[in-house]
Amino acid sequence: MTRQKLVRRLLHILVVLLGISFLSFLLIHLAPGDPVRSMFAVSGSIPSEEVLYEIREEMGLNRPFLVQYFSWLGGCLRGDFGTSYSEGAPVAQLLASRVLPTIQLALLALVMMLAMAVPIGVLSALHQNRPLDYLLRGGTFLGISMPNFWVGLLLLYLVAMKWKLLPVVSTQINFQKMLLPAFTLAFAMAGKYARQVRAAILEELRQDYVAGARARGLSERCILWRHVMPNALLPLITMLGLSLGSLLGGTAVVEVIFSYPALGSLALSAITSMDYPLIQGYVLWIALIYMVVNLVVDLSYNRLDPRLRREVRA
């Protein structure tokens, strides 16, 4: 990717972020309900209408929509995303406190998924239309069919409660606490990726360069790992990027099941409490992550695929 294309992509990210911020702010503004009432409902008391009106004035909720939006946008440009209604803390601080646990969980889930999906996909492709292939394909179909929340509850019951291999609840973010939620996320993704790996390897095995390598006397192992695998796994980079973006956005159901304090559970609590600043900050985080990951995937293609490098030089 040339420098001009990179600059255009970065400008495109800024424009898209601006559009997403406006649309999400508009939708939140049009949503039914009153965040001020929700704040008091949590404590079990509803003050008079006069008090509610004064609080809305202090929070700026009675101002016109565009005035609220541009005031919030100006704060964002200065790094101030507002103050959470429910937590009473800066939104940027709340999001930042959940970023590291989210990244750790996402990376561990991807590593687990690849550790399961790649061997299954390779074995299934090498034993095409044989009993092992049918068995592995049936297992991947079963994994895709089971929802995350059911797998999470099953693991929580068997591993943590019945077999007592891992603690049910932990107050610290450590490797043991991440194992079950990460495996729950990886299990659902592994079936989809295993099928993609199988299809990609079978497609590469039909290529002419494989027949030429066999004619030159190369072993099947050498053909598979030195020639077929690099070409077969290259298209999966896009899928990995999308999966990473989704995981970094948080997986609320799994996080709630395992009491894991990451971005998904934070967003869920913000939605239930109508915490507008926190919701808006979370939406911007999701948009930024997806676009940055997409940009990194495109840059990695240019590095990994020699054909694209030749096109750039040309």
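Mentor: We'll go through salt bridges, aromatic pairs and surface patches in turn. Keep in mind that this is a predicted model.

Trainee: Okay, salt bridges to start. How many does a search of the whole structure find?
Mentor: The search turns up eight salt bridges.

Trainee: Which residue does R137 form a salt bridge with?
Mentor: That would be D133, and the closest N and O atoms are 3.3 Å apart. Both residues are in helix α6, which covers residues 131-145. They're four residues apart there, so about one helical turn separates them.

Trainee: And is D133 buried or exposed?
Mentor: D133 counts as buried, because its relative accessibility is 0%. R137, on the other hand, is partly exposed, at 30% relative accessible area.

Trainee: What does the side chain of R198 meet in a salt bridge?
Mentor: R198 meets D133 as well, at 3.0 Å from N to O. D133 sits in helix α6 and R198 in helix α8, so this pair ties together parts that are 65 residues apart in sequence.

Trainee: Where does R198 fall, buried or exposed?
Mentor: R198 counts as buried, with 14% relative accessibility. The cut-off for buried is under 20%.

Trainee: What about E203, which side chain does that meet in a salt bridge?
Mentor: The partner is R206, at 3.5 Å from N to O. E203 is partly exposed, with a relative accessible area of 42%, while R206 is exposed at 55%. There's also a network: D34, R37, E49 and R56 are joined into one by salt bridges that share partners.

Trainee: Switching topic: how many aromatic pairs does the whole structure have?
Mentor: Nine aromatic pairs come out of the search. Among them, Y69 and W72 have ring centres 6.3 Å apart and planes at 35°, so that pair is tilted.

Trainee: Why are Y69 and W72 about one helical turn apart?
Mentor: Because they're three residues apart in helix α4, which runs over residues 65-77. Y69 counts as buried, at 3% relative accessibility, and W72 is buried too, with a relative accessible area of 11%.

Trainee: How are the rings of F183 and F187 arranged?
Mentor: They make a tilted aromatic pair, with 6.1 Å from centre to centre and 35° between the planes. Both lie in helix α8 (residues 175-205), four residues apart, or about one turn of the helix.

Trainee: Which residues do ring pairs link into a cluster?
Mentor: F22, F25, F65, Y69, F70 and W72.

Trainee: Last topic, the surface. Which residues form the nonpolar patch?
Mentor: F149, W150, L153, L154 and V253, with about 470 Å² of accessible area together.

Trainee: Which helix gives the most to that patch?
Mentor: Helix α7, residues 148-162, with four residues. L154 is found in that helix, and L154 is partly exposed at 35% relative accessible area.

Trainee: And what forms the negative surface patch?
Mentor: E50, E54, E57 and E58 form that one. E50 is in helix α3, which spans residues 49-59.

Trainee: Is E50 buried or exposed?
Mentor: E50 is exposed, with a relative accessible area of 55%.

Terms used
Residues are numbered from 1 along each chain as its sequence is written. This is a predicted model: local features need pLDDT of at least 70, side-chain atom pairs count only at pLDDT 80 or more; totals for chains, interfaces and linings use all residues. Side-chain values use heavy atoms; hydrogens and water are left out. Patches are made of residues with over 30% relative accessible area and no salt bridge: like charges are joined within 9 Å, nonpolar side chains (Val, Leu, Ile, Met, Phe, Trp, Tyr) within 5 Å. Accessible areas come from the Shrake-Rupley method with a 1.4 Å probe; for residues, only the protein chains shown count as cover. A salt bridge is a side-chain nitrogen of Lys or Arg within 4 Å of a carboxyl oxygen of Asp or Glu. Lys and Arg count as positive and Asp and Glu as negative; His and the chain ends are not counted. The place of a charge is taken as NZ of Lys, CZ of Arg, CG of Asp or CD of Glu. Helices (H or I, at least four residues) and strands (E, at least two) are DSSP runs, numbered from the N terminus. Buried means under 20% relative accessible area, exposed over 50%, partly exposed in between (1.4 Å probe, protein chains only). Rings of Phe, Tyr and Trp (its six-membered ring) pair if their centres lie within 6.5 Å; planes under 30 degrees apart count as stacked, over 60 as edge-to-face and the rest as tilted.
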